[in-house]
Amino acid sequence: MLSADDPLPFRPERVLIAGVTGSGKTTLARRLGQAWSLEHTEIDSLFHGPDWTPRPEFLDDVRAFAATERWVTEWQYTSKDTDEIMTPRAQLAIWLDYPYRVVRSRLIRRTLWRSILRTEMYNGNVEKPIWKLLATRDPEENILAWQTKTRGFWTEKMPGVRERFPHLTIVRFSHPRETERWLHAQSVGR
């Protein structure tokens, strides 16, 4: 596993961004897509249809973009079999393994901002009103509860990923400063 200080051995064409909810996967995917001319497909937009309902064509859409040559996306929905589709094709995985206080504060700010502004994210969906968020602790209904429930997911998963997908170069960042330092090195070094 590489760190922020290790140079990449190649310029990847297919990239997965891993991390707990609120870590900044989508933001980093957009930035990398722009910097490396990769097509960014926001995987949440493929999964969620109107009114947050799962789209039946989700896995077909994942197969379609994963079959292309140049892409970046968030590494999510592994319980829905995306690992079987995306991970064999990916060349690089970036793991945003940030401290809980960092991802928690990011998620709270993002959720409040989206809820107050009623920002449309994809397929007509907007963040739930704050009062609805506070009314339940069900992880399926409350993004903060979901983050708490899944915060150790990647720590548990990564050892198996390294064994199962040995072709995959993995870079782990333990703080946003490392990510920024690495991004700067990627742009300066090319």
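A: A pocket is an open set of points on a 1 Å grid over the protein atoms alone, where a 1.4 Å probe fits and protein lies on both sides within 12 Å along at least five of seven lines; lining residues have an atom within 4 Å of a point. This is a predicted model, where local features need pLDDT of at least 70, side-chain atom pairs count only at pLDDT 80 or more, and totals for chains, interfaces and linings use all residues. Residues are numbered from 1 along each chain as its sequence is written, and side-chain values use heavy atoms, without hydrogens or water.

Start with the pocket. The largest one is lined by 50 residues. Nearest its centre lie T21, D44, Q76, I143 and W146. Several elements give two or more residues to this lining, among them helix 2 (43-47), helix 4 (100-117) and helix 6 (143-150). Helices are DSSP runs of H or I with at least four residues, strands are E runs of at least two, and both are numbered from the N terminus. Helix 1 gives the most, six residues. The space comes to about 1,600 Å³, a volume being what is filled by probe spheres set on the grid points, which are joined across faces, edges and corners. By residue type, the lining holds 19 nonpolar, 15 polar and 16 charged. Asp, Glu, Lys and Arg count as charged; Ala, Val, Leu, Ile, Met, Phe, Trp, Tyr, Cys and Pro as nonpolar; the others, Gly among them, as polar.

Helix 4 also holds I116. With I108, L112, W113 and L117, I116 makes a nonpolar surface patch of about 520 Å². Patch residues have over 30% relative accessible area and no salt bridge, and nonpolar side chains are joined within 5 Å. I116 counts as exposed because its relative accessibility is 62% (exposed is over 50%, buried under 20%, partly exposed in between, with a 1.4 Å probe and protein chains only).

Now the charged pairs. A salt bridge puts a side-chain nitrogen of Lys or Arg within 4 Å of a carboxyl oxygen of Asp or Glu. The count is 15. E69 pairs with R89, closest N and O atoms 3.4 Å apart. E69 lies in the loop between helix 3 (58-66) and strand 3 (71-74), and R89 in the loop between strand 3 and strand 4 (92-96), so the pair ties together parts 20 residues apart in sequence. E69 is partly exposed at 46%, and R89 is partly exposed at 26%. D97 and R172 meet at 2.8 Å, N to O.

Methods: Patches are made of residues with over 30% relative accessible area and no salt bridge: like charges are joined within 9 Å, nonpolar side chains (Val, Leu, Ile, Met, Phe, Trp, Tyr) within 5 Å. Accessible areas come from the Shrake-Rupley method with a 1.4 Å probe; for residues, only the protein chains shown count as cover.
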